[in-house]
Amino acid sequence: MIDFTENEKLKEILEALREEPTFPTAHYDRDGDCLEFLNSPEAYWGERVDNLVTVYYGQESSDMIGACIKGVRKLVGSLSQKLPTLSIVIKDGPFHVGVLFGLALSSGEKAPAEHVRLTYRKIIEAAANAQANLDDLLLQP
Amino acid sequence: MAKPDKRNGYYNLEAVNPFDGKPWTLFISRDRLGWIAKRGEPAVSETAYILKGILLRPRAIFKGLRRDEDEDTEKGDNGWLAYCGLPEIAFDGKGQRRKPFVNQVYLAFVNEDRVVYNWRWEKCSSENPIMPMGFKDRFKRQLL
């Protein structure tokens, strides 16, 4: 049985933080070192693509409505060695989320399976208008 | 990183300790709650009414979430956790209560500082409907 009384405390905190929803929305979580984007408020389920990426599908539409990439700090760190200006771009302001998924796709030592590559392509397309501030990425963990 | 607490932007969240089955405290950041709040329904209701139940009454808890070589999962409490449960309810796109989604479980992910940083529905395993898909391969060890 759900104790809604107890859960109301968390709801109060959320209500106090509530803003008018706008989509697409993206967020880098420093605690999880993961970057997510969502194009819709729809309830969703996640499906892992590989060790880095999880796709979000709408519960009612079954459309791809977002995705999550983890290990962002390590990914950006290793890519920054090849692309020294990457940290400058990140620091400059909102970062196009799709770019990070594209970088992740090309970061592997071997070519991804065809179905993985196609899924990444769909994610990159879906993330076309999503931007996130990655300032926390440049802070010490 | 400083220990999470309310002073530096984290709220406490009760959960079951996977190592001894007793209550312990996890943390959730104000920053993440702020993003949840900006997404409106049903994200807000899932966080308010489903997440806590999963942390207090999980069906399983896994350790060794990442498969990166830099996560040392052999050092005691270090290592990331995944709580898995079967919610009694779900919420539709308008935040209206409904039955749980069929053939799905709810996961909550916890980092090594005991911060709950992500939570979501996932398809269940075809082998075991109370476990997430791929549970045998994606986690190092099942604790509970």
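## A network of charges

Four residues, A:Lys11, A:Glu15, A:Arg18 and B:Glu41, are joined in a network of salt bridges. Keep in mind while you look around that this model is predicted.

Now look at A:Asp29 and B:Arg32, whose side chains form a salt bridge at 3.4 Å, N to O. Here too the pair crosses between chains, running from strand S1 of chain A, which holds A:Asp29, to helix H1 of chain B, which holds B:Arg32. How accessible are the two residues? A:Asp29 has a relative accessible area of 1%, and because the cut-off for buried is under 20%, A:Asp29 counts as buried. B:Arg32 is likewise buried, with a relative accessible area of 1%.

In general, side chains of opposite charge can pair when their charged atoms come close. Across the interface of chain B and chain A there are three salt bridges, and the count over all chains comes to nine.

## The interface as a whole

How many residues does each chain bring to the contact? Chain B gives 50 residues and chain A gives 46 residues. The size of an interface is often given as the accessible area lost when the parts come together. For chain B and chain A, the buried area is about 4200 Å², and carbon and sulfur atoms give 55% of it.

On the chain B side, the residues that lose the most area to chain A are B:Trp35, B:Arg39 and B:Tyr49. Together these three make up 17% of what that side buries.

## Inside chain A

Chain A contains five helices and seven strands. Read from the N terminus on, its elements follow the order α-β-β-β-β-β-α-α-β-α-α-β. Of the 141 residues in chain A, 45% are buried. Among contacts in chain A with a separation of 6 or more, 56% are between residues 24 or more positions apart.

One helix pair in chain A is worth a visit. Helix H2 (residues 72-82) of chain A packs with helix H4 (residues 97-105) of chain A at an angle of about 70°, and their axes are 11 Å apart. At that angle, H2(A) is roughly perpendicular to H4(A). Which residues make the contact? H2(A) supplies A:Val72, A:Leu75, A:Val76 and A:Leu79, and H4(A) supplies A:Leu100, A:Leu103 and A:Ala104. Sorted by class, this contact of H2(A) with H4(A) has seven nonpolar residues, with no polar and no charged ones.

Note on methods: Residues are numbered from 1 along each chain as its sequence is written. Chains are lettered from A and ligands numbered from 1 in the order in which they are written. This is a predicted model: local features need pLDDT of at least 70, side-chain atom pairs count only at pLDDT 80 or more; totals for chains, interfaces and linings use all residues. Side-chain values use heavy atoms; hydrogens and water are left out. Axes are lines fitted to C-alpha atoms, for helices over the stretch in contact, and angles run from 0 to 180 degrees between N-to-C directions. Helices (H or I, at least four residues) and strands (E, at least two) are DSSP runs, numbered from the N terminus. Angles under 35 degrees count as roughly parallel, over 145 as roughly antiparallel, 65 to 115 as roughly perpendicular and the rest as oblique. Contact means heavy atoms within 4.5 Å. Ala, Val, Leu, Ile, Met, Phe, Trp, Tyr, Cys and Pro count as nonpolar, Asp, Glu, Lys and Arg as charged, and the others, Gly among them, as polar. Buried means under 20% relative accessible area, exposed over 50%, partly exposed in between (1.4 Å probe, protein chains only). Buried area is the accessible area (1.4 Å probe) that two parts lose on being put together, summed over both.
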